[in-house]
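Hi everyone, thanks for coming.

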Amino acid sequence: MRVKWIGGFLGLLSGGPIGALAGYALGALFDSFFQSGEGEPTSDKQAKASYVGERNGFLFSLLLLSAHVIQADGKVMHSEMELVRKFLRGSFGASAVEQGDDILRRLFEKRKSMGESEWNRQIQLCCQQMRGVMPEEQLLQLLSYLCEIAKADGKIDPKEVEELHRIAIFMGLAAAVIDQLLNLGGTTLEDAYKVLGVSPDASDEEVKKAYRRLALQYHPDKVASLGDDVKAAAEKKFKELGAAKDRIWQARGL
């Protein structure tokens, strides 16, 4: 079986605005994602098709929204591009980095040719399409990646935060989710409370309830169907959530 790291088969996201942008951005890569071997049972092919479609839909959504967030402050930063490259290189090898750069370049060109108003309208439609077919845990993982891009250059531009808030809302999620994700990995008690989304004045029971909800929401097993690389990123986020909880528990003597 010959497999490319990403291709035209995007599962439930193949149609609509995402499918249209994928057709433009993927270019020659926009073909059947896999070719099955002789004698492979139909049930196996169907299972692989479902996995490939779900994973590819997630990956292209990640590249599309990355292209949007990278340009949110009006410039393309090397550190932000390198974060995407690092993910592609670690997950799919060196060839994926070159192809990923090409896809991002095509998306940058499409944004320029569309104009800001139409591009922003398409991003809204794409987020709404994602909302319609992706479970919440996959949407949260997408947002987590995007927040890492915003933090890549060591400072978070207010325009990036604004765009991240808009993306979350378009996906049907609260803008506050972005503030929680941006504070993951912080080292202060203030950061920890922001991660849990509660006030320092909250009761112990309120704090525990907030952590239990997030622990269930962000559990790595929720995105295991997208592949080991995505699950590994979710595990890192889950550990950072646990570290925030431990900081608060220690401060409260819990």
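When I say helix, I mean a DSSP run of H or I with at least four residues, and a strand is a run of E with at least two, both numbered from the N terminus. On that basis, the protein has 11 helices and zero strands. Reading from the N terminus, the order is α-α-α-α-α-α-α-α-α-α-α.

A word on the source: this is a predicted model, where local features need pLDDT of at least 70 and side-chain atom pairs count only at 80 or more, while totals for chains, interfaces and linings use all residues. Residues are numbered from 1 along each chain as its sequence is written, and side-chain values use heavy atoms, leaving out hydrogens and water.

How much of the protein is buried? Of its 254 residues, 46% are, with buried meaning under 20% relative accessible area for a 1.4 Å probe, protein chains only.

Now contacts, meaning heavy atoms within 4.5 Å. Taking those between residues at least 6 apart in sequence, 72% join residues at least 24 apart.

Finally, the largest pocket. A pocket here is an open set of points on a 1 Å grid over the protein atoms alone, where a 1.4 Å probe fits, with protein on both sides within 12 Å along at least five of seven lines; lining residues have an atom within 4 Å of a point. The largest one holds about 440 Å³ of space. It has 19 lining residues, and closest to its centre are Leu83, Phe87, Tyr145, Glu148 and Ala233. Which helix gives the most to this lining? That is H11, with six residues.

Terms used: Buried means under 20% relative accessible area, exposed over 50%, partly exposed in between (1.4 Å probe, protein chains only). Grid points are joined across faces, edges and corners, and a volume is the space filled by probe spheres set on the points.
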